[in-house]
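Here is a short briefing for a reader who has not seen this structure before. Please look over the sequence and the model first.

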Amino acid sequence: MTTKSSLKRAESNIALISKIEPQNIQEALADPSWVLAMEEELQQFENNQVWTLVSHSNGKKVIGTKGIFRNKLGEDGTIIRNKVRLVAQGYNQEKGIDFDESFTPVARLEAIRLLLAYAAHCGFKLMPGHHEIDEKSK
């Protein structure tokens, strides 16, 4: 069932999609659609309690970050949303090899449930931090 309010939300979201991928933060900050995408990424960090903001300590090395700005495409090739990923600097990408992709290790709750159900069904032991295969589960 589609309501008028859901249609208005969809229309307002479409109006806030940029076809141009910014090359740097200054370009992104000039476009409201990318500012919204950056706010969504930071909100996800807060929701998932990914980080804690602390003051800079003398003698400690600070790891820089970089925003990666990408247009996400639908099955038909149309742009469906702007997506920002905040990544730690220090990565080593080469244009033409892995420049167009970014990876964020995130485990979805459904994937964890599936892993636990499968492990229970097969009698596997799951132990955090251990990478050795249990003799019984071979």
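Predicted model: local features only at pLDDT ≥ 70, side-chain atom pairs only at ≥ 80, totals over all residues.

Residues are numbered from 1 along each chain as its sequence is written, and side-chain values use heavy atoms, with hydrogens and water left out.

**Overall make-up**

- The protein has four helices and two strands; helices (H or I, at least four residues) and strands (E, at least two) are DSSP runs, numbered from the N terminus.
- Starting at the N terminus, the order of elements is α-α-α-β-β-α.
- Of the contacts between residues at least 6 apart in sequence, 43% join residues at least 24 apart, where contact means heavy atoms within 4.5 Å.

**Surface and burial**

- Buried residues are 12% of the 138 in the protein; buried means under 20% relative accessible area, exposed over 50%, and partly exposed in between (1.4 Å probe, protein chains only).

**Aromatic pairs**

- Rings of Phe, Tyr and Trp (its six-membered ring) pair if their centres lie within 6.5 Å; planes under 30 degrees apart count as stacked, over 60 as edge-to-face and the rest as tilted.
- By this rule there are two aromatic pairs.
- Trp34 and Phe69 are edge-to-face, because their ring centres are 5.7 Å apart and their planes stand at 85°.
- This pair links distant parts of the chain, with Trp34 in helix H3 and Phe69 in strand S1, 35 residues apart.
- Trp34 is buried at 1% relative accessible area, and Phe69 is buried at 3%.
- Tyr118 and Phe124 are also an edge-to-face pair, at 5.9 Å centre to centre and 70° between the planes.
- Tyr118 is partly exposed at 49% relative accessibility, and Phe124 is partly exposed at 32%.

**Helix H4 and backbone angles**

- Gly123 follows H4 and has a positive phi, near 75°.
- Most residues other than glycine have a negative phi.
- Gln49, a residue other than glycine, has a positive phi near 50°.
- Gln49 lies in the loop between helix H3 (32-47) and strand S1 (65-73), and is exposed at 70% relative accessible area.
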